[in-house]
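Please keep the sequence and the structure at hand while reading.

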Amino acid sequence: MTFLDKVESPSDIRGFSIEDLRVLCAEIREYMIECCAKNPGHLGSSLGAVELIVGLHYVYDTPKDKLVFDVGHQAYAHKILTGRRDAFRLNRKREGISGFTKRSESIYDVFGAGHSSTSISAALGLAESAKLLGTGEKVVAVIGDGALSGGLAFEGLNNAGTSKTDLLVIINDNNISIDKNIGAIHEHLLRITTDPTYNKIKNHVWNRIGEGTFRKMLQKFIVNTKSSIVSSSGGALFESLGFRYFGPIDGNDIAQVVDTLSRLREIKGPRILHTITTKGKGYAPAEEQQTIWHAPGMFDPVTGKRIKPAGHAESRYQDVFGEVLLELARSDSRIVGITPAMATGCGMDLLAREMPERFFDVGIAEEHAVTFSAGLAAGGMKPFCNIYSSFSQRAYDQIIHDVALQQLPVVLCLDRSGLVGEDGATHHGNFDIAAYRSIPGTIISAPRNETELKNLMYTALKSETGPFIIRYPRGYGEGVDWRGSQFEEYAIGKSEELLQGKDVAVIAAGPSANRAYEAAQRYKEEHGICPAVYNIRFIKPADIALLEKAGADFQTIITVEDGALAGGLYGEVCEFFAGKPGRPEIKGIGIPDRFIEQGSQEEERRECGLDSEGIYRCIEEEMKKSCKKDQKVLESKN
């Protein structure tokens, strides 16, 4: 490539001409498509943000000046420009670089982000630090229009607007959700308001006028007049929060981006720059199907044909959820679906198409999603609120205060629970069991396959209290015929025996029960005996009868869970037996007390001992211990 091969850091591009930058942007897109075709990632947003990121690194003195990205989906060009061009081929891979910004990875990643709406608050903190320390560095927050729907973004805007801190917030609008108008009038207003002479005179006038009633009256008149001009572009909202609003501009025009940023860099105080970009820019398939190409998986870069991984079951858990929710909704008019901007990802797009009046996408607003669901339940509806497990952490207070405390029958379906794979530490659903197990009146369930997910949704529909949590993993199921099965209501708090055995009892939650069963069957084939295996099905309320039986009949209990050991199923079993005489030995297999980095789900499970081989080794060790104990008892009797 003409330019990209020569770029090792942003300083290498600052001598480029605008035409050189255009070529560079095209090369970055070509490289990004080439890499993501073989190594899947979040492609669409990053394709759309190339000119914006190149322009930022061209105008600002990074890494001294700070760029804060929201979520990180759009930051691939940033990674490629900041010394990670070759490493980008291992983006999201085990031992590779993260798919999101990460402080430990690069000095250019000044603030890590995997969840949305954090950039403005973080950037404000960095800007205030720069002011207090007198470093003179500039700070820019880059946030997408989708992330702007998150409550934290508005909290940050509210605080930043009144702080008078030197901060630029760029709203990267790739869905045209704020404004559709880009034209000569907007560009003319932009040039006037960013002109250095205009701003110098403006500041001089304000300083000469000084504080007082006249200045306040004049400011109010100007704000009202300007708001009437920019209100059609969404600027009035930001002006009312204390920001100066600029834009919109074409964020895919590198010349306009560089010119605008160069002007805005010299203006003080809180500013908003509104840029319009095209998601998937420069790659026709991604531009035409923006939702699919947000994270398309593997594909042929020439034809754009997506490649389905081989060797998987037919259905993903999200497919099961979507089809079952629609089937239940057809038979019960009280059912409604709520999602915080994850309709396609969780499978709720099926309900949205057939029953749009009973589908609610609330934007990236998990707290609102839960309390809104609570209100629906209080009004007599049966809400199924689907939130990715990792994102549900943001709604912890609402789950307690608005649902559990009032015992409202809200069904919380926590998709992507457990280890999620390449998204890594920011997206693992490790903490839901430990977080919600202590909440009174909460039901926590974990299906071991597609049929159990179907039946747990049916069971949750019949429940009259809440929250009723159903946690299930990312990806494909076990391949069972769930569509052909009839609905079955499960007894809440009751487990299922999968395999009879002696000496050791394996109590497993969710799909981990399948791997535990495989490991136990293998041990039986090799040794003629095996441990007992139980599918716990309900983590809360605990199956007391099972725990009492396990304590009486077995020397050792092994718990297996795709969640944090600390406070999870392992903690529950240990708590049950604490202080009891003659308690069995308890061994836990789960996610240890550390953050697990990105990799495939198989690699992550192997690291935690949650694959079939890891469970087998634990069973083998504990069965050998039990045999030795049995031998000693026999010898003592003789």
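The points below concern a predicted model and are grouped by topic.

**Annotated positions**
- An unreviewed UniProt entry lists His 73, Gly 114, His 115, Ser 116, Gly 146, Ala 147, Asn 174, Tyr 283 and Glu 366 under "binding site".

**His 115**
- His 115, one of the positions in that record, is found in the loop between helix H4 (76-81) and helix H5 (119-133).
- With a relative accessible area of 16%, His 115 counts as buried, because the cut-off for that class is under 20%.
- When neighbours within four places in sequence are left aside, His 115 is in contact with Asp 70, Val 71, Ser 390, Phe 391, Gln 393, Arg 394 and Thr 426, and its side chain makes a polar contact with the side chain of Ser 390 at 2.8 Å.

**Ala 147**
- Ala 147, also listed in the record, lies in the loop between strand E2 (139-144) and helix H6 (151-163), and this residue is buried, with a relative accessible area of 8%.
- Apart from neighbours within four places in sequence, the contacts of Ala 147 are Asp 70, Ser 116, Ser 117, Ala 153 and Ile 364.

**Enclosed space**
- The structure holds one cavity of 30 Å³ or more, and about 90 Å³ of space lies in the largest cavity.

Definitions and conventions:
Residues are numbered from 1 along each chain as its sequence is written. This is a predicted model: local features need pLDDT of at least 70, side-chain atom pairs count only at pLDDT 80 or more; totals for chains, interfaces and linings use all residues. Side-chain values use heavy atoms; hydrogens and water are left out. On a 1 Å grid over the protein atoms alone, a cavity is a set of points where a 1.4 Å probe fits but cannot get out, and a pocket is an open set with protein on both sides within 12 Å along at least five of seven lines; lining residues have an atom within 4 Å of a point. Grid points are joined across faces, edges and corners, and a volume is the space filled by probe spheres set on the points. UniProt positions are given in the numbering used here, feature names are shortened, and annotations may be inferred rather than shown by experiment. Helices (H or I, at least four residues) and strands (E, at least two) are DSSP runs, numbered from the N terminus. Buried means under 20% relative accessible area, exposed over 50%, partly exposed in between (1.4 Å probe, protein chains only). Contact means heavy atoms within 4.5 Å. A polar contact is a pair of N or O atoms within 3.5 Å; within protein, one must be able to donate a hydrogen and the other to accept it, and residues adjacent in sequence count only if both atoms are side-chain atoms.
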